[in-house]
Amino acid sequence: MNKRTKGNFLSAIESYMTENDLRPADIYKPSKGKVTQTLTHRILAGTAIPDNPEIIDAIATAIGADPKLLRKYAAMDRCSSICSSLKVDKNEVLGISGYEKPHNIPLIKQDKILNYLSKEGKVNKDTGAFITPVVECGLRAYAIKIVNDDLHPKAERGDICIIDVEEEVDRFDFGVIGTRKGIFFGMIRVYDAFYVVETIQHFTTHNVEKENALFVHRVVDIMRRKKPKAK
């Protein structure tokens with residue numbers, strides 16, 4: 001890359017840096033040489049997207065992002081650049097449908113999920129609040145604002161989790177599962193015939209047989225609350 005481009009990868013990094021009051025040195029110094037100062041400035045200038053997963057993971061750790069998500073953005077942006085130079089449609093190459101540029105999505109408080117989410121996993125009424133995520137997500141995406149410490153340190157009070165109903169939950173992810181008995185939000189472990197949903201603090205666990213799961217939605221991004229600067 002030799003000209004400035006600002007896709008999902010750079011947008012996500014800038015968002016985390018702003019929210020956590022980070023400087024470029026906060027990215028390359030903790031990496032122990034994996035991320036150089038020069039590469040950091042090229043990434044932030046929009047002229048470089050790493051193709052080494054270890055470098056991307058080091059950046060994700062430094063800014064507090066999900067490494068798997070940051071790798072995905074890097075791959076998508078690198079593919080977009082190649083598709084643009086070859087004059088082909090990125091969505092056709094990647095097989096993407098139902099996505100559009102970041103848009104307003106409903107924001108639900110963690111303790112109000114049952115009030116606004118239907119048994120089919122749809123936001124069924126006006127929540128009165130919306131947020132624009134920095135990531136691309138499906139048209140049925142929604143956000144959950146954390147109001148307690150049940151998921152610390154994965155998510156803290158004031159953090160906002162972006163939920164994309166189009167994204168499948170991997171073997172160990174963070175998300176929402178709906179059943180006839182209720183809706184569970186937390187760390188999800190995937191097994192052959194069932195899911196396990198756990199909270200971290202005030203530990204609780206729920207086993208959900210896959211045949212009884214009405215929907216399973218994955219958290220694809222966590223927007224960190226702005227913390228006050230240390231005096």
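Two strands pair if DSSP finds at least two bridges between them. Strands (E, at least two residues) and helices (H or I, at least four) are DSSP runs, numbered from the N terminus. This is a predicted model: local features need pLDDT of at least 70, side-chain atom pairs count only at pLDDT 80 or more, and totals for chains, interfaces and linings use all residues. Residues are numbered from 1 along each chain as its sequence is written, and side-chain values use heavy atoms, with hydrogens and water left out.

## The sheet

Nine strands form an open sheet with mixed pairing. Their order is S3-S2-S5-S6-S11-S7-S8-S9-S10. Strand S3 (130–131) and strand S10 (205–209) are the edge strands, and each pairs on one side only. Strands of a sheet pair through backbone hydrogen bonds, either parallel or antiparallel.

S11 and strand S7 (residues 172–179) pair in the antiparallel sense over five bridges. Ile177 stands opposite Val216 in S11. S7 also pairs with S8, again antiparallel, over eight bridges. Here Val176 has Phe185 in S8 as its bridge partner. The two strands form a hairpin, with two residues between them.

S8 then runs antiparallel to strand S9 (residues 194–198), joined by four bridges. Met187 stands opposite Glu198 in S9. S8 and S9 also form a hairpin, this one with three residues between them.

Strand S8 (residues 182–190) is mostly covered: eight of its nine residues are buried. Buried means under 20% relative accessible area, exposed over 50%, and partly exposed in between (1.4 Å probe, protein chains only).

## Arg218 and its surroundings

Arg218 lies in strand S11 (residues 213–223). Arg218 is buried, at 5% relative accessible area. Its side chain makes a polar contact with the side chain of Asp173, at 3.1 Å. A polar contact is a pair of N or O atoms within 3.5 Å; within protein, one must be able to donate a hydrogen and the other to accept it, and residues adjacent in sequence count only if both atoms are side-chain atoms.

Contact means heavy atoms within 4.5 Å. Leaving aside neighbours within four places in sequence, the contacts of Arg218 include Asp66, Lys68, Ile162, Glu167, Asp173 and Phe174.

## Salt bridges

A salt bridge is a side-chain nitrogen of Lys or Arg within 4 Å of a carboxyl oxygen of Asp or Glu. By this rule the count comes to 12. Three of them are set out below.

| Salt bridge | Closest N to O distance |
|---|---|
| Lys68 and Asp170 | 3.3 Å |
| Arg157 and Asp149 | 3.2 Å |

Asp57 lies in helix H4 (residues 53–63) and Arg71 in helix H5, so the pair ties together parts that are 14 residues apart in sequence. Arg71 is partly exposed, at 38% relative accessible area.

Lys68 forms a salt bridge with Asp170. Lys68 lies in helix H5 and Asp170 in the loop between strand S6 (160–164) and S7, so this pair ties together parts that are 102 residues apart in sequence. Lys68 is partly exposed at 34% relative accessibility. Asp170 is partly exposed too, at 37%.

Arg157 pairs with Asp149 in a salt bridge. Arg157 is partly exposed, with a relative accessible area of 44%. Asp149 is partly exposed at 33%.

Salt bridges also link into a network, made of Asp66, Lys68, Lys72, Glu167, Asp170, Asp173 and Arg218.

## Loops and backbone

The peptide bond from His152 to Pro153 is cis, with omega near 10 degrees. Pro153 lies in the loop between strand S5 (142–145) and S6.

Two lysines have a positive phi. Phi of Lys32 is near 55 degrees. Lys32 sits in the loop between helix H2 (25–28) and helix H3 (37–44), and counts as exposed at 79% relative accessibility. Phi of Lys87 is near 60 degrees. Lys87 is found in the loop between H5 and H6, and counts as exposed at 75%.

Val88 lies in the loop between helix H5 (67–86) and helix H6 (90–94). Val88 is partly exposed, at 43% relative accessible area.
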